[in-house]
Amino acid sequence: MSTQGGGVPDLGTAGDTRRTALSGVLCGIGVAAFVDETVFHQLLHWHHFYDRSTAAAGLVSDGLFHAGGFIAIVVGLFLLADAQRRRAFVPKRWAAGLLVGCGGFQLYDGVIQHKVLGLHQIRYHVTLWPYDVTWDVIAAVMVLVGTLLFRGRARVAGPGLFAVRRGDG
Amino acid sequence: MLELVGLSSVATWLAGYGAGLLRLRRRGVRWPAGRTVALVAGLACVAAGVLPPVVDHDETFWVHVGQHLLLAMAAPVLLALSGPFTLALRTLPRRSRRLLLGALHSTPVAFATTPALVLLLDIGGLVLLYTTGTYALTLQHDWLHALVHLHMFLTGCLLAWVVVGVDPMPRRPGFGGRLATLVIVAAAHDTISKLLYAHDLPVGAGPASDRHAGAQLMYYGGTVVDLAMAVALMGQWYRATGREHRRTLRRAGPGGPAGPSGAAARDGVVR
């Protein structure tokens, strides 16, 4: 994923890696919201913009996650650029955050928005439960793998990752 | 009515900004080209919103939504990024400069730019217009129609100046507060659009196909502008923290601050 810089110290789990992890989580939420919108709403047309069973709380939740998801990815990417500029970007922790954010959002979408709030279903005119199970299992696996990646040692990325130069920004 | 007010304001802004640019140029002071581009694009959005073909068809609901996106969202963001008050403060004669500075620091301006109030005006305006009978009334009365667009433009400006404006603003919230304001307003905007779609609102907005097209244009068009605002805001944050970061490195000197991020920062940035 990156060039490892020689002489760059290993980092533990606390302090400097927190911003990297936050960046990962925000990017993960953004990626999940983006995939949901482009793939399932616009390309496949599986999801519906609205279905008649939607509760009012579903509309608020959808509005928050639609808007919040797109803003999250912007904030996440700028945090990533800033962490790299400070040479505090830890790819392994970022990947951990990405998976937890992405899986967490998909799990929320699948369980709360689709089922509890009835915003819309994954697909219409089909036997629904295999879709729901696949959706939620993929989400849970992402959260699990992400959580595992938060453990153990991790190193900061080398300076060549985005070729940041003095005066940039 | 709308055409007249819109076009005369566009002409005034263009003339004022142009005069400021000329004066700076004569003094040999540089002004970022991006700000001038933002001003021209912002005024173009205003003009497009108040001129044909948009204004000829704005009784069709989705055209009305497009007009709203141009006048109340895109134009204010671009105008806020053009920094007109900064330009005015640099180029006005001393007396008028002091008057403007006093006005910008006055209590009413500080009050009007409080995020909570801006959110209330912005979101409350949308709710009032679309979920009550107000929208149907604007189709009957030209003056009310113009007034609604003026309100939306002005509240859009307040929001844009608070969140992404480049002009100095007393007691403005920090980056976190501005980001939170943006998330709240974007979420409310999306929620209201979907609410319109769900409940066949607004009343009097013509056939269902027009209303649905309008609600979806509001939902997705709003996302595009909110995304642009997020990029502008985070770009400003990145630049501001970069300045701070370089200051820290300079202060730390060649030895550099202790700890992994300090040592790492020296490696990454000074190279």
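Predicted model: local features only at pLDDT ≥ 70, side-chain atom pairs only at ≥ 80, totals over all residues.
Of the 169 residues of chain A, 46% count as buried. When contacts in this chain between residues at least 6 apart in sequence are considered, 90% join residues at least 24 apart.

One such pairing across the sequence involves Ala21(A), which is placed in helix α1 (residues 17-43) of chain A. Ala21(A) has 25 C-beta neighbours inside 10 Å and therefore counts as buried, the cut-off being 20 or more. When residues up to four places away in sequence are left aside, Ala21(A) touches Arg93(A), Ala96(A) and Gly97(A). With Arg93(A), the separation is 72 residues in sequence but 5.4 Å in space, taken from C-alpha to C-alpha.

Helix α4 of chain A, which spans residues 129-149, contains 21 residues and reaches 30 Å from its first C-alpha to its last, close to the 30 Å expected at 1.5 Å a residue. Its buried residues are Ala139(A), Met142(A), Gly146(A) and Leu149(A). Viewed down the axis of α4(A), these buried residues fall within an arc of 90°, so they line one face of the helix. An α-helix has 3.6 residues a turn, so residues three or four places apart point the same way. The face of α4(A) that is turned away from the buried side carries the exposed residues Trp129(A), Pro130(A), Val133(A), Val137(A), Val141(A) and Leu148(A).

In chain B, helix α10 (residues 175-198) has 24 residues and extends 34 Å from first to last C-alpha, close to the 34 Å expected at 1.5 Å a residue. Because 17 of the 24 residues of α10(B) are buried, this helix is largely enclosed by the rest of the structure. Just after α10(B), Asp200(B) adopts a positive phi of about 50°.

Also in chain B, helix α3 (residues 61-81) packs with helix α11 (residues 208-252) at an angle of about 10°, their axes lying 8 Å apart, and the two helices are therefore roughly parallel to each other. The residues of this contact divide into 15 nonpolar, 5 polar and 2 charged.

Technical notes
Residues numbered from 1 in each chain as written. Chains lettered and ligands numbered in written order. Helix = DSSP H or I, 4+ residues; strand = E, 2+ residues; numbered from the N terminus. Expected span 1.5 Å × (residues − 1). Buried ≥ 20, exposed ≤ 12 C-beta atoms within 10 Å, placed from the backbone. Arc of directions from axis to C-beta. Axes fitted to C-alpha atoms, helices over the stretch in contact; angles between N-to-C directions. Parallel < 35°, antiparallel > 145°, perpendicular 65-115°, else oblique. Nonpolar A, V, L, I, M, F, W, Y, C, P; charged D, E, K, R; others polar. Contact = placed C-beta atoms within 7 Å.
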